[in-house]
Every structure is written in C-alpha cells, then in structure tokens.
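Trainee: I would like to go through this protein step by step, and I would be glad if each answer showed how it is reached.

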Amino acid sequence: MPRMTVWSIRRFVRETIAEVLGIEMRYVHPKHALVNDLRASDTDIAEIITYLDAQLGITFPERDEGTHKTRTVERLTKRVLACYRREHGGFALDSFHKKT
C-alpha cells in the first residue's frame with residue numbers, strides 16, 4: 001500500500017465512521033463527540049478502530065481503544081495519524097507540496 005497523505009487519512013477516518021454508524025459523511029465533523037453527538041456505542045467504536053487498523057496497516061494501542069481516548073472525531077483522527085506516522089515512517093505529500 002502506498003503512503004497516504006494526512007488529508008486522505010482524515011477523510012478515510014470520517015468515511016469509516018459514517019459507514020459504521022450508517023450516516024452520511026457530511027454529518028461527521030471533527031468536533032463531534034462519537035458517543036454524545038453521533039450516538040456511537042462502544043461496539044461501534046471498536047468496529048471503527050478494527051477497520052482502521054486493518055485498512056491502514058496500523059495497530060491502535062489497546063490502552064487507546066476506550067471512549068476516553070477517542071471521545072471526538074478529531075481525537076480519534078489524531079490517534080490514527082500518530083499510529084500511521086509511527087508505523088509507516090511518515091506520510092505522502094499532497095501534490096501541491098511536491099517539489100518540482
């Protein structure tokens with residue numbers, strides 16, 4: 001799998017949340033709380049994390065899988081980005097950042 005950009009990972013996290021919760025992605029905003037705003041259950045959150053692990057080739061630390069570490073969409077996204085950076089050594093550059 002080629003490296004992904006930060007933007008593409010952020011979008012993929014939102015898409016995954018929307019798919020698991022059965023809602024449109026436009027309703028998934030970074031500041032939304034997964035449980036309170038989006039009505040995600042602990043099982044939904046576990047499914048989201050498991051899917052992200054498998055699709056992005058990352059291992060989400062078990063201590064971070066509880067809702068206290070993944071309270072909001074943004075917080076979950078930051079944890080996913082940190083895991084991705086750690087395990088893949090960084091991100092691909094967006095096309096407008098590439099040097100010619």
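Trainee: What covers the buried residues of helix 1?

Mentor: Bear in mind first that this is a predicted model. The buried residues of helix 1 are Ile 9, Phe 12, Val 13, Thr 16, Ile 17, Ala 18 and Leu 21. The cover over these residues includes helix 2, which runs over 42–56, and helix 3.

Trainee: Why does the distance between the end C-alpha atoms of helix 1 agree with the span it should have?

Mentor: Helix 1 covers residues 6–21, which makes 16 residues, and at 1.5 Å a residue these should span 22 Å. The expected span uses one less than the number of residues. The distance agrees because the end C-alpha atoms of helix 1 are 23 Å apart.

Trainee: Which residue just after helix 1 takes a positive phi?

Mentor: The place to look is just after helix 1, where a phi of about 70 degrees is found. The residue with this positive phi is Gly 22.

Trainee: Is Thr 16 buried or exposed?

Mentor: Thr 16 lies in helix 1, and, not counting residues up to four places away in sequence, Thr 16 touches Ile 48, Tyr 51 and Leu 52. A residue counts as buried under 20% relative accessible area. Thr 16 has a relative accessible area of 3%, so the answer is buried.

Trainee: How far apart in space are Ile 48 and Leu 76, C-alpha to C-alpha?

Mentor: Ile 48 lies in helix 2 and, at 1% relative accessibility, counts as buried. Once residues up to four places away in sequence are set aside, Ile 48 touches Thr 16, Ile 17, Val 20 and Leu 76. Although Ile 48 and Leu 76 are 28 residues apart in sequence, their C-alpha atoms are apart in space by 9.9 Å.

Trainee: Where is the place of Val 28?

Mentor: Val 28 is buried, with a relative accessible area of 0%. Apart from neighbours within four places in sequence, Val 28 is in contact with Arg 14, Ile 17, Ala 18, Ile 23, Leu 38 and Val 73. The place of Val 28 is in the loop between helix 1 and helix 2.

Trainee: How many residues does the largest nonpolar core have?

Mentor: Among the residues with the most contacts inside this core are Ile 9, Leu 52 and Val 80, and helix 1, helix 2 and helix 3 each supply at least two residues of the core. Val 80, leaving aside neighbours within four places in sequence, is in contact with Ile 9, Val 13, Leu 52, Leu 56, Ile 58 and Phe 60. The number of residues in the largest nonpolar core is 26.

Definitions and conventions:
Residues are numbered from 1 along each chain as its sequence is written. This is a predicted model: local features need pLDDT of at least 70, side-chain atom pairs count only at pLDDT 80 or more; totals for chains, interfaces and linings use all residues. Side-chain values use heavy atoms; hydrogens and water are left out. Helices (H or I, at least four residues) and strands (E, at least two) are DSSP runs, numbered from the N terminus. Buried means under 20% relative accessible area, exposed over 50%, partly exposed in between (1.4 Å probe, protein chains only). Contact means heavy atoms within 4.5 Å. A nonpolar core is a set of buried Ala, Val, Leu, Ile, Met, Phe, Trp, Tyr and Cys residues joined through side-chain atoms within 4.5 Å.
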